[in-house]
Amino acid sequence: MAFMSNGHQELVGFIWNIANKLRGPYRPPQYRKVMLPFTVLRRLDSVIAPKKDVVLDEYNRLKAMKLSGAALDTALAQFAGSSKVQGIYNISNFTFQKLLDDPVDLAKNLIAYINGFSPKVKEIFENFKFEEEIQKLDKNNRLLLIMQEFTGVDLSPSKVSNLQMGYLFEELIRKFNESANEEAGDHFTPREVIRLMVHILYTGEEHLYKPGIARTIYDPACGTGGMLSVSEEYIRSHNNKANITLYGQEYNDESYAICTSDILIKGGDAENIAFGDTLGDGKTNDMHKDKKFHYMLANPPFGVE
C-alpha cells in the first residue's frame, strides 16, 4: 500500500502501526530494535535511488583500475556526494523493491544490501545489531511483511525533506523510549528538560541571530542526540541562515546508532558523532580532543541514581 500523505503525525502513526505487526515475537518495548533501523534503511534507500546505477558503474570502473580499501571508499563518497558533502552509496545490486522479488532469500539478500553501503552506514547497522533482528524476523515469518510495509512508505527527499525526516525520526525515538520505560533516562532526556537547558544556554547570545553565523555544538555524552537536535532547532527557529555543525560522543552502541542515524538522515556529517566513553572509569577517551567548540552541553543520566 503506497503512503501518499506528507502529514507529519499521519506518517508517524503509519510507521507506528507497522510496529504493531511485530507483536508476538517482540514485546512493545522491543519494537524500536526493528523499527528505528528499518526507518533509517528505507530513508537511505530513497536517498541513493536517483544515483544508484551511475554509482555502480563508477564502482565497477574504479575496481577495474585496481582501486580498493579506503581509497575506493573515498572516491565513491566523493562521486556520490555534492561539492560540499561526502555522499552515501551502495554497491550491491539490490533496492527495497528488488529485495521483494526473492522472498525465499530475503534475509540473506537484505544483509548483503546493508553490507553494500558506505563504511559509516555499515557501522550504524552493526551498532543497531540489526543482522540479529533480521534473522529473528525471518525465523518468525515477519521479515517479508515488514519489508512490504516499509516499501509502501515514500521517504524520498522529494516527499519528505531532511527537516521533516529529522522530526519524524525524533518523534519515533521519543515514542519508543517512552514505551520502553526501562531506565530510558540513561540515554534519553525528556524534550521539555532539554528545551529548558537549551533556552538557558542560548538566552542572551544575540550574535547567533546574525545571518551566516557559524557555530559548533558538542555533547560529550550525547545519547540518542536530543540535546544536539533541540539546540539546532532552537537556533534555526531564530536564524535560519545560521551554519550549525553538531558533534557528539556516545558509548552505548544502540544510542550511538540512533544519534548517528538522526544526523545522517537530516543531511549532516555523521562522522562528527564518535563512538567511545568520554567519562570512562578513571580514563577519558575523548574522540574529539583535537577540536574546540563554541558550545558544549551535557547532563547526567536523567532520573537514574
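**Close-up views of a predicted protein chain**

**View 1. A salt bridge joins Lys291 and Asp290.** Lys291 pairs with Asp290 through a salt bridge in which the closest N and O atoms are 3.5 Å apart, a salt bridge being a side-chain nitrogen of Lys or Arg within 4 Å of a carboxyl oxygen of Asp or Glu. Lys291 counts as partly exposed, at 34% relative accessibility, whereas Asp290 counts as exposed, at 63%; here buried means under 20% relative accessible area, exposed over 50%, and partly exposed in between (1.4 Å probe, protein chains only). The model is predicted, with local features needing pLDDT of at least 70 and side-chain atom pairs counting only at pLDDT 80 or more, while totals for chains, interfaces and linings use all residues. Residues are numbered from 1 along each chain as its sequence is written, and side-chain values use heavy atoms, with hydrogens and water left out.

**View 2. The chain as a whole has 13 helices and four strands.** Helices (H or I, at least four residues) and strands (E, at least two) are DSSP runs, numbered from the N terminus. Of the 305 residues of the protein chain, 48% count as buried, and the chain exposes about 15200 Å², of which carbon and sulfur atoms supply 51% (Shrake-Rupley method with a 1.4 Å probe; for residues, only the protein chains shown count as cover). Among contacts (heavy atoms within 4.5 Å) with a separation of 6 or more, 77% are between residues 24 or more positions apart. The average pLDDT, the predictor's confidence in each residue from 0 to 100, is 87 for the protein chain, and 90% of the residues score at least 70.

**View 3. Residues 1-6 have pLDDT under 50 throughout.** For this segment, residues 1-6, the model has twelve contacts beyond four places in sequence. Where pLDDT is low, the predicted coordinates should not be read in detail.

**View 4. Glu149 and Lys21 form a salt bridge between distant parts of the chain.** The side chains of Glu149 and Lys21 meet at 3.9 Å, N to O. Glu149 belongs to helix H9 (residues 143-151), while Lys21 lies in the loop between helix H1 (8-19) and helix H2 (32-48), so that the pair links positions 128 residues apart. Lys21 is partly exposed, with a relative accessible area of 33%. A search of the whole structure finds eight salt bridges.

**View 5. Arg42 and Asp45 pair within helix H2.** The side chains of Arg42 and Asp45 meet in a salt bridge at 2.9 Å, N to O, and the two residues are three apart in helix H2, about one turn of the helix. Both Arg42 and Asp45 are buried.

**View 6. The largest nonpolar core has 52 residues.** A nonpolar core is a set of buried Ala, Val, Leu, Ile, Met, Phe, Trp, Tyr and Cys residues joined through side-chain atoms within 4.5 Å. The residues with the most contacts inside the largest core are Met35, Phe38, Leu41, Leu110, Phe125, Leu143 and Met147, and H2 gives the most to this core, with eight residues. A second, separate core of 21 residues includes Ile217, Leu246, Tyr256 and Ile273.

**View 7. The buried residues of H9 line one face of the helix.** These buried residues are Leu143, Ile146, Met147, Phe150 and Thr151; seen down the axis of H9, they fall within an arc of 135 degrees (taken from the directions from the helix axis to the C-beta atoms), and they therefore line one face. They pack against H1, H2, helix H5 (96-99), helix H6 (106-115) and helix H8 (130-139). Leu143 touches Phe38, Leu106, Ala107, Leu110, Ile134, Leu137 and Asp138, not counting residues up to four places away in sequence.

**View 8. Asn127 in helix H7 (residues 119-128) touches residues including Asp253 and Glu254.** Asn127 counts as buried, at 13% relative accessibility. Not counting residues up to four places away in sequence, Asn127 touches Asp253, Glu254, Tyr256, Ala257 and Phe275. Asn127 and Ser255 are 128 residues apart in sequence, with their C-alpha atoms 8.6 Å apart in space.

**View 9. Lys66 and Asn141 have positive phi values.** Lys66, although not a glycine, has a phi of about 70 degrees; Lys66 is found in the loop between helix H3 (52-64) and helix H4 (69-80) and is exposed, with a relative accessible area of 71%. Asn141, likewise a residue other than glycine, has phi near 55 degrees; Asn141 lies in the loop between H8 and H9 and counts as exposed, at 67% relative accessibility.
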